[in-house]
Amino acid sequence: MAHIELKNIKKSFGLVDVIKGVDLEIYSGEFMVFVGPSGCGKSTLLRLMAGLEDITSGEMTFDGTMVNALAPSKRGIAMVFQSYALYPHMTVYENMAFGMQLAKSDKDAIKKRVEKAAELLQISQYLGRLPKQLSGGQRQRVAIGRAIVRDPKVFLFDEPLSNLDAALRVATRLEIAKLHHAMNSATMVYVTHDQVEAMTLADRICVLRDGLIEQVGTPLELYENPQSLFVAGFIGSPKMNFLNGEIASKFGANTIGIRSEHIEITDRDGAWKGKVVHSENLGSDSYTYVDIGAGEPVIVREEGTSRHSPNDVISIAPIPTKIHRFDEAGKPLKH
Amino acid sequence: MTVEATAGAVSRTQPKIANELLKSRVGAAMWFLLPMLIALAIVAGWPLLRTIYFSFTNTSLSSLYTGEWIGFKNYLNWTTLKSGRTVFSGLLVDPAWWNAVWNTVRFAVVSVSLETVIGMIVALVLNAEFKGRGIVRAAILIPWAIPTIVSAKMWSWMLNDQFGILNDLFLRLGLISHKVAWTASADTAMTAVLIVDIWKTTPFMALLILAGLQMVPKDVYEAAKIDGVHPVKVFFKVTLPLVRPAVMVAVIFRLLDAMRIFDLIYVLTPNSASTKTMSVISRENLFDFDKFAYGSAQSTLLFLIIAVMTALYIWLGKVRFDGGDR
């Protein structure tokens, strides 16, 4: 349990400002995901929380206690690294027990805790092995196990799934979600550049861009009410359709955004008419790219398989209430 | 991971295709190795066999091609005197030889141990990030880059009892009360040799260990930070086990080098019994004393001693030459 507060946190490396003043509150027991494009400072922010980097200015508190100058080991945190960071010369058991052994804990207590964590992550049969004898997914589980054994108040995950292949990523993601349910008292902070991971895992998402917070909210809030063009474009897959110019000005905006599932293909005269560029059939649904003369083709989602072949001229209509309108600065306009 | 997996797959599935592939690979490897093997046979194999052969003859410098086979007499020979006393002679009972063996081993063990420790410290410093690290890294290699003869001569002037800078410095600092004949005195000759050798070869050691240190992933240190491991413990529990393979290989290189040390001692302390090593004494017999066969026997024994020590070291230290445990 830890309530984390960041007040005007800044971090510079030499002349480069990486974090440019972040205010954020992370509630006790919450799963918070930092998401953003590479170079936005999300990993740096996490490392500041871990104490692996010094805060240049600002205040960071855990449960009201200032931790700016506290050593990582004294913050009650555990961290899972993208590269696992296991001790290569130690067995899985030793890797998980190392921290406790140094703290001179009771041997039986260590054993009990390691075995319990191993069981939770289904790595009990690998305890005697070296990291190099494990697959990537197993190694990452060991790294998570090592974090659990520390019994931390805060779990910090730094892109833990990035080194895994697609199938393992989904499986391990589920593992982490289960872990969050099982240890609902621990606060978890998770960094990723993958918005799908963010949407599926987070209680709340913090979208970062260029060292500043763009928007904080639940996955649905971000999806339904993006507070900027950037968030609108970043959250959701496929990307939200953006239309400028004449089409947008008809709606009284500089730019309008509409998600692919909020556009219908109609037999009647729709708002827009265009040529089909390409259709992607995914089985359960399909995405059709329609060129309506607005530069980028508009993506339209359909249930089931698409019946349209390239060069068909079709009529499409956006659901009016689902249109997001943005001004010149990329800020949303009220309806 | 993938490499291991494929390697495993190849060795498990052994149908004809794999065998043929292996055959063609071995064939290609043989062709690539051949020039090297021929060169080695000419410059190393032949002289070695020739030396071993000479050691079983009574060859002298003046009769290189007319020596006669005398068996093990160069190594051990005995004559029973009229009085009934048996007198042993030969290399195995030669106190000068065993003195040289002892000198060599002492020199090798002390110099390599100190070089390892100092080299490790230097490597740790060079591994840290600081301004001008590149220049320091290059500068530290200078002693190693100077030819041994040159550095030995340079040090012999610095260590000179009358005009040497070291005596002058130590006298001024009050560390010594009278001038010391560093290289000439039996008490200090070995120390002098050790100082010069450590000065000269620590950079080599440091460089090899530094290469090992740079293989250690940085994230492991961050994990240790979060685990709250004391820096000293990090060194002994994390760094040292991870660079051990590199250190072991570096030590074996240096050990081989130290066991056959010649040039430094030949220049710095010629004819001092307290520093005479196996190489020095065998050269002396071969060329100065015209005991060519005897010198050959010493060379052969030197070869055997180094071979046995190396084999023992590799076996006991479980040294792996493929870059370590990871």
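Predicted model: local features only at pLDDT ≥ 70, side-chain atom pairs only at ≥ 80, totals over all residues.
Begin by colouring chain A in two parts, selecting residues 4-233 as domain 1 and residues 238-326 as domain 2. The C-alpha centres of these two domains of chain A are 38 Å apart, and where they meet, 4 residues of domain 1 are in contact with 7 residues of domain 2. On the domain 1 side of that contact in chain A, 3 residues are nonpolar and 1 is polar, while no charged residue takes part.

Next, stay in chain A and select the strands β2, β1, β4 and β5, which in that order make an open, antiparallel sheet of 4 strands. Its edges are β2 (16-26) and β5 (65-66) of chain A, each of which pairs on one side only. Strands of a sheet pair through backbone hydrogen bonds. Now pick out β1 (residues 4-13) and β4 (residues 57-62) of chain A, an antiparallel pair joined over 5 bridges; if you click on Glu5(A), you can look for its bridge partner in β4(A), Thr61(A).

Finally, show chain B together with chain A, where 17 residues from chain B and 19 residues from chain A form the contact. On the chain B side, select α9 (218-227) and α10 (231-259), the elements that give two or more residues, and notice that α9(B) supplies the largest share, with 7 residues. That side of chain B has 9 nonpolar, 1 polar and 7 charged residues.

How values were computed
Residues numbered from 1 in each chain as written. Chains lettered and ligands numbered in written order. Domains from an automatic or database assignment. Contact = placed C-beta atoms within 7 Å. Nonpolar A, V, L, I, M, F, W, Y, C, P; charged D, E, K, R; others polar. Pairing = 2+ DSSP bridges.
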